[in-house]
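Dear colleague,

Please find below the structure that I am handing over to you.

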Amino acid sequence: MTPWPTDDAGLSRAERRELQQLLAARGHDIGAIDGLLGERSRAAIRAERGRLFGERAPDGRAGQKLLRTLRAEALLAAPESPPAEAPISR
């Protein structure tokens with residue numbers, strides 16, 4: 001059995017909810033976004049860990065590295081806000 005990595009801290013429940021939201025936004029069917037990582041969430045985590053980190057046999061562990069990486073991808077994919085309109089001077 002492989003021990004949990006010590007260089008990748010786990011997630012709080014709020015962070016697990018955020019991770020689920022990010023996974024759902026990527027098109028994964030994870031069920032309810034509740035901060036509880038069930039089998040569908042873990043399957044999505046395995047898929048993303050394989051895609052992002054090139055793991056051959058990714059596990060379903062949710063950690064800070066995965067959350068940070070998905071956050072960064074979401075920021076890059078977000079449409080830019082339109083520039084604020086300049087006030088009209090009279």
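A salt bridge is a side-chain nitrogen of Lys or Arg within 4 Å of a carboxyl oxygen of Asp or Glu. Please note that the model is a predicted one.

In one of them, the side chains of Arg51 and Glu48 meet with N and O 2.6 Å apart. These two residues are separated by about one helical turn, because they lie three residues apart in helix H2. Glu48 is buried at a relative accessible area of 4%, whereas Arg51 is partly exposed at 40%. Both belong to a network of salt bridges that links Arg26, Glu48, Arg51 and Glu73. Residues up to four places away in sequence aside, Arg51 touches Arg26, Leu70 and Glu73.

Another salt bridge joins Glu18 and Arg71, whose closest N and O atoms are 2.8 Å apart. This pair links distant parts of the chain, since Glu18 is in helix H1 (residues 13-25) and Arg71 in helix H3 (residues 64-77), 53 residues apart. Glu18 is partly exposed at 25% relative accessibility, and Arg71 is partly exposed at 30%.

Asp29 and Arg40 also form a salt bridge, at 3.4 Å from N to O. Asp29 lies in the loop between H1 and H2, and Arg40 in helix H2. Asp29 counts as exposed at 56%, Arg40 as partly exposed at 47%.

Finally, Ser41 in helix H2 (residues 39-53) is buried, with a relative accessible area of 1%. Its side chain makes a polar contact of 3.1 Å with that of Gln20.

Yours sincerely

How values were computed
Residues are numbered from 1 along each chain as its sequence is written. This is a predicted model: local features need pLDDT of at least 70, side-chain atom pairs count only at pLDDT 80 or more; totals for chains, interfaces and linings use all residues. Side-chain values use heavy atoms; hydrogens and water are left out. Helices (H or I, at least four residues) and strands (E, at least two) are DSSP runs, numbered from the N terminus. Buried means under 20% relative accessible area, exposed over 50%, partly exposed in between (1.4 Å probe, protein chains only). A polar contact is a pair of N or O atoms within 3.5 Å; within protein, one must be able to donate a hydrogen and the other to accept it, and residues adjacent in sequence count only if both atoms are side-chain atoms. Contact means heavy atoms within 4.5 Å.
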